[in-house]
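Thanks for coming, everyone. I'd like to walk you through a structure that is new to this group. Please have a look at the screen.

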Amino acid sequence: MEEHHSDRLKLEEDRLLKLHSSLCKVMSNPRRTRMIHLLEEGEKNVGELVEATGLLKARKVLTACNAMEELFLELLEEENAGA
């Protein structure tokens, strides 16, 4: 029983480390960080994000936004699971 519990803890720790790594990767890009600050001010459309961040292709913005959205949803799930 203890071995099973230990295995579960190891898997959870690995999952959290992967999540942390993903967050660091997202936040390491200055344009992504800029987008987060812009979105703190309120909803923005893709064109506004492209203009404000200097990105030339909206696809890059959408990809970054999708990655951040997935990461934040995972973080929220983790937070709610602990509640």
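A caution to start with. This is a predicted model. The mean pLDDT of the protein chain is 77. Of its residues, 78% reach 70 or more. Where is confidence lowest, and where is it highest? It is lowest in α4, at a mean of 69. It is highest in α2, at 84. Please keep that in mind whenever I mention α4.

Now the overall layout. The protein chain has four helices and zero strands. Along the sequence, the pattern reads α-α-α-α. The chain holds 83 residues, and 17% of them count as buried. The exposed surface comes to about 6800 Å². Carbon and sulfur atoms supply 54% of that surface. One more figure for the whole chain, on contacts. Take those between residues at least 6 apart in sequence. Of these, 47% join residues at least 24 apart.

On to the core. Which residues make up the largest nonpolar core? There are eight: L19, V26, M35, I36, L38, L49, M68 and L71. The largest share comes from α2, with three residues.

So let's look at α2 itself. At its start sits a contact from N29. A side-chain oxygen of N29 reaches to within 2.8 Å of the backbone nitrogen of R31. Within the helix, the buried residues are T33, M35, I36 and L38. After the helix comes G42, with a positive phi near 145°.

Let me pick out three of those residues in α2. M35 is one of them. Is M35 buried or exposed? It is buried, with a relative accessible area of 0%. Next, I36, also placed in α2. I36 counts as buried because its relative accessible area is 17%, and the cut-off for buried is under 20%. What does I36 touch, beyond its neighbours within four places in sequence? M27, M68 and F72. Of these, M68 is 32 residues away from I36 in sequence. In space, the two C-alpha atoms are 9.0 Å apart. Third, L38. Setting aside neighbours within four places, L38 is in contact with K44, L49, A52 and T53.

N45 caps its N-terminal end. There, a side-chain oxygen of N45 lies 2.7 Å from the backbone nitrogen of E48. At the other end, α3 is followed by G54, whose phi is positive, near 80°.

Let's take two of them in turn. V50 sits in α3. Its relative accessible area is 16%, and V50 is buried. From V50 to M35, the C-alpha distance is 9.2 Å. Along the sequence, V50 and M35 are 15 residues apart.

Then T53, in helix α3 too. T53 has a relative accessibility of 9%, so this residue counts as buried. Its contacts, apart from neighbours within four places, are R31, R34, M35 and L38. T53 and M35 are 18 residues apart in sequence. Their C-alpha atoms are 7.0 Å apart in space.

To recap. Four helices, zero strands. A largest nonpolar core of eight residues, with its largest share from α2. Over to you.

Definitions and conventions: Residues numbered from 1 in each chain as written. Heavy atoms only, no water. Core = buried A, V, L, I, M, F, W, Y, C linked by side-chain atoms within 4.5 Å. Buried < 20%, exposed > 50% of the residue type's maximum accessible area, 1.4 Å probe, protein only. Helix = DSSP H or I, 4+ residues; strand = E, 2+ residues; numbered from the N terminus. Contact = heavy atoms within 4.5 Å. Areas by Shrake-Rupley, 256 points an atom, 1.4 Å probe, with all protein chains shown as cover. Polar contact = N/O pair within 3.5 Å; in protein donor to acceptor, adjacent residues only side chain to side chain. pLDDT = per-residue confidence, 0-100.
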